[in-house]
Each structure stands twice: as structure tokens, then as C-alpha cells.
Amino acid sequence: MKTTKEFTKEIRLNVLKMLNNLGFGHYGGSLSVVETLAVLYNDIMKYDSKNPNWEERDYFVLSKGHAGPALYSALALKGFFPVEELLTLNVNGTKLPSHPDRLKTKGVDVTTGSLGQGISIATGIAKALKIQKKENRVFTIIGDGEAQEGQVWEAMQFIAHNNLNNLVVFIDYNKQQLDGYLEDICRPYSFEEKAKSFGLDALTVKGDDIEGIKNAIHSLKDKPLVIVLDSIKGQGVKFIETLKGNHHIRPNEEVKKELEKAILDLESEVK
């Protein structure tokens with residue numbers, strides 16, 4: 001099995017290839033969760049790519065559904081469907097729509113994209129598993145801009161009240177949302193302190209720290225856990241990290257050249 005670091009590079013490379021082939025897309029927010037997905041699918045979660053509906057599996061909910069390309073990349077690399085299908089992203093008849101759809105894509109547990117709703121669904125799954133006295137775990141990633149939705153914090157309160165310690169919530173704190181920086185639009189203050197005030201365990205790790213993310217997940221004990229990912233929009237691709245408005249990119253010729261160069265650089269590392 002490939003190391004998680006190697007898996008990370010492959011996910012990131014495929015994200016760039018998919019979006020470059022399409023000609024536009026959510027580069028920034030897809031890249032900022034790559035390490036977290038790599039840790040979950042390479043080190044943490046129980047699943048069977050040949051039997052996606054295996055009853056003993058752990059569940060994953062990508063609440064920030066616009067990062068679908070990163071999830072698709074991880075799923076394909078783990079054998080849920082052929083890697084070649086990644087280049088059908090968001091084209092007519094595809095099984096890989098721009099946002100995850102559980103009725104179309106093997107390995108997708110929940111249809112997401114309407115921000116704020118994914119964490120509530122993950123909460124419901126975790127509660128149901130508790131009622132059934134099952135040991136499956138649930139993992140969800142929400143966006144920092146998404147956390148402006150009141151529904152997110154209603155879910156947090158429900159999680160704490162019901163002590164859903166079979167659930168881990170990641171907040172992708174990449175500091176930007178669709179229309180700008182969080183600090184300018186709606187200052188988040190401390191996600192970690194807010195989660196703790198709701199009665200949850202919480203800690204912050206660097207979004208690209210593979211071992212830190214892994215250790216944070218293993219720290220889950222008696223109370224539900226929120227892991228704040230101190231990440232960078234466009235993480236792992238320097239050009240995109242510094243590109244203004246990188247939430248959704250429709251590249252001009254200059255940007256296309258830089259993205260093609262980034263693909264070549266990653267390909268050399270993967271080889």
C-alpha cells in the first residue's frame with residue numbers, strides 16, 4: 001500500500017488533471033482538504049471499495065460539496081471506480097457531477113452541495129448508529145464559510161447534547177469563501193473555542209500535517225470531536241495558493257500555463 005504522503009500527491013495530481021480537463025472548477029477548496037481525505041481513506045476509515053454499501057463501513061460526508069473533485073480522486077485511487085472516469089467530471093451523462101451525488105457515484109454516502117446540510121445529515125447518521133448500537137464511525141468536512149450557516153451550529157448543539165462520540169467534524173479553515181476573505185465578510189473568531197463552548201472536544205492542526213491530522217483523530221475519546229484544519233486555499237500548489245479569487249477558477253491562457261506546469265511538477269514527484 002502506498003504511504004499517505006504518496007497518496008496525497010496522487011489525489012492532488014488528479015484534482016488538477018480533472019479540473020484542467022474540464023476547463024474550470026473549484027480548485028482552491030478541493031486542494032485544501034487533500035491531506036485530510038488521504039488520512040481518512042488511507043489510515044483511518046473502514047470501507048470496502050468492492051462493496052460500497054458494506055454495513056460495517058465508516059461513513060464520510062463531504063458537507064462542503066464543491067470539493068467533490070478531491071473526494072472523487074480519493075475514491076478512484078482506492079478502487080471504487082476506474083481512475084480513467086475522473087476525466088468525465090461534470091460532463092453530460094457523467095457519474096461524477098460537480099457536487100457529490102450518492103445515486104451516481106460509488107463510495108459517496110450522502111448527496112451534498114447545499115451548504116450547511118451535510119453536517120446535519122452526518123449527525124443523523126451518527127445518532128442512528130448509536131441507536132442501533134453499532135460501532136461504525138462518521139466523518140464529515142465542512143467549510144469555514146459554510147460555518148456561517150445557523151444550521152451548522154444547531155447540529156453542533158445536537159451532537160454535544162447526544163454525545164455523538166462516533167462522529168468527527170473537520171472544519172476546513174482555509175480563510176476564504178466564494179466572495180472573499182472570512183475576516184472581511186463575517187469574522188469567525190475561534191472555531192476551536194466556539195466548538196468547546198458547545199460542549200465538544202476541539203483542537204486545531206495544520207491542514208497539510210498528515211501526522212497531526214492522524215493523531216488528532218486518534219485523540220477522540222469520550223466526547224465528540226471537532227478538528228479545525230488550519231489550511232490554505234489551493235493547498236499544495238504554490239501558484240494557486242497565491243492566486244487571487246482561487247475559490248473557483250476559470251483559467252486564462254497565463255493561468256493555464258501555470259497549472260500545466262504544476263501538473264508536470266506533481267507527475268515527476270508521483271513517479
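A search of the whole predicted model finds one cavity of 30 Å³ or more. The largest cavity holds about 70 Å³ of space. Its lining is made up of Tyr 41, Met 45, Tyr 47, Pro 52, Arg 57, Asp 58, Phe 60, Phe 80, Gly 107 and Asp 109. By class, six of these lining residues are nonpolar, one is polar and three are charged.

The contact of α3 with α4 comprises seven nonpolar residues, with no polar and no charged ones. Two packed helices are described by the angle between their axes and the distance between the axes. For α3 (residues 34-44) and α4, the axes come within 10 Å and cross at roughly 30 degrees. Angles under 35 degrees count as roughly parallel, so α3 is roughly parallel to α4. The crossing of α3 with α4 is right-handed.

Helix α4 (residues 68-77) also packs with helix α1 (residues 4-22). Here the axes come within 9 Å, and the crossing angle is roughly 125 degrees. The two helices, α1 and α4, are therefore oblique to each other. On the α1 side, the contact residues are Phe 7, Glu 10, Ile 11, Asn 14, Val 15, Met 18 and Leu 19. On the α4 side, they are Pro 69, Ala 70, Tyr 72, Ser 73, Ala 74 and Leu 77. This contact of α1 with α4 has 10 nonpolar, two polar and one charged residues.

The axes of α1 and α11 come within 10 Å and cross at roughly 150 degrees. Angles over 145 degrees count as roughly antiparallel, and α1 and α11 are therefore roughly antiparallel to each other. Their crossing is left-handed. From α1, the contact takes in Lys 9, Glu 10, Arg 12, Leu 13, Leu 16, Lys 17 and Asn 20. From α11, it takes in Leu 259, Glu 260, Ala 262, Ile 263, Leu 266, Glu 267, Glu 269 and Val 270. By class, the contact of α1 with α11 has seven nonpolar, one polar and seven charged residues.

The largest pocket has a volume of about 320 Å³. It is lined by 17 residues, and those closest to its centre are Arg 12, Gly 236, Val 237, Leu 266 and Glu 269. Helices α1, α10 (238-241) and α11 (253-270) each give two or more residues to the lining of the largest pocket. Helix α11 provides the largest share, six residues. The lining of the largest pocket divides into five nonpolar, two polar and 10 charged residues.

Notes. Residues are numbered from 1 along each chain as its sequence is written. This is a predicted model: local features need pLDDT of at least 70, side-chain atom pairs count only at pLDDT 80 or more; totals for chains, interfaces and linings use all residues. Side-chain values use heavy atoms; hydrogens and water are left out. Axes are lines fitted to C-alpha atoms, for helices over the stretch in contact, and angles run from 0 to 180 degrees between N-to-C directions. Helices (H or I, at least four residues) and strands (E, at least two) are DSSP runs, numbered from the N terminus. Angles under 35 degrees count as roughly parallel, over 145 as roughly antiparallel, 65 to 115 as roughly perpendicular and the rest as oblique. Contact means heavy atoms within 4.5 Å. Ala, Val, Leu, Ile, Met, Phe, Trp, Tyr, Cys and Pro count as nonpolar, Asp, Glu, Lys and Arg as charged, and the others, Gly among them, as polar. On a 1 Å grid over the protein atoms alone, a cavity is a set of points where a 1.4 Å probe fits but cannot get out, and a pocket is an open set with protein on both sides within 12 Å along at least five of seven lines; lining residues have an atom within 4 Å of a point. Grid points are joined across faces, edges and corners, and a volume is the space filled by probe spheres set on the points. A crossing is left-handed if the near helix is turned anticlockwise from the far one by less than a right angle, and right-handed if clockwise.
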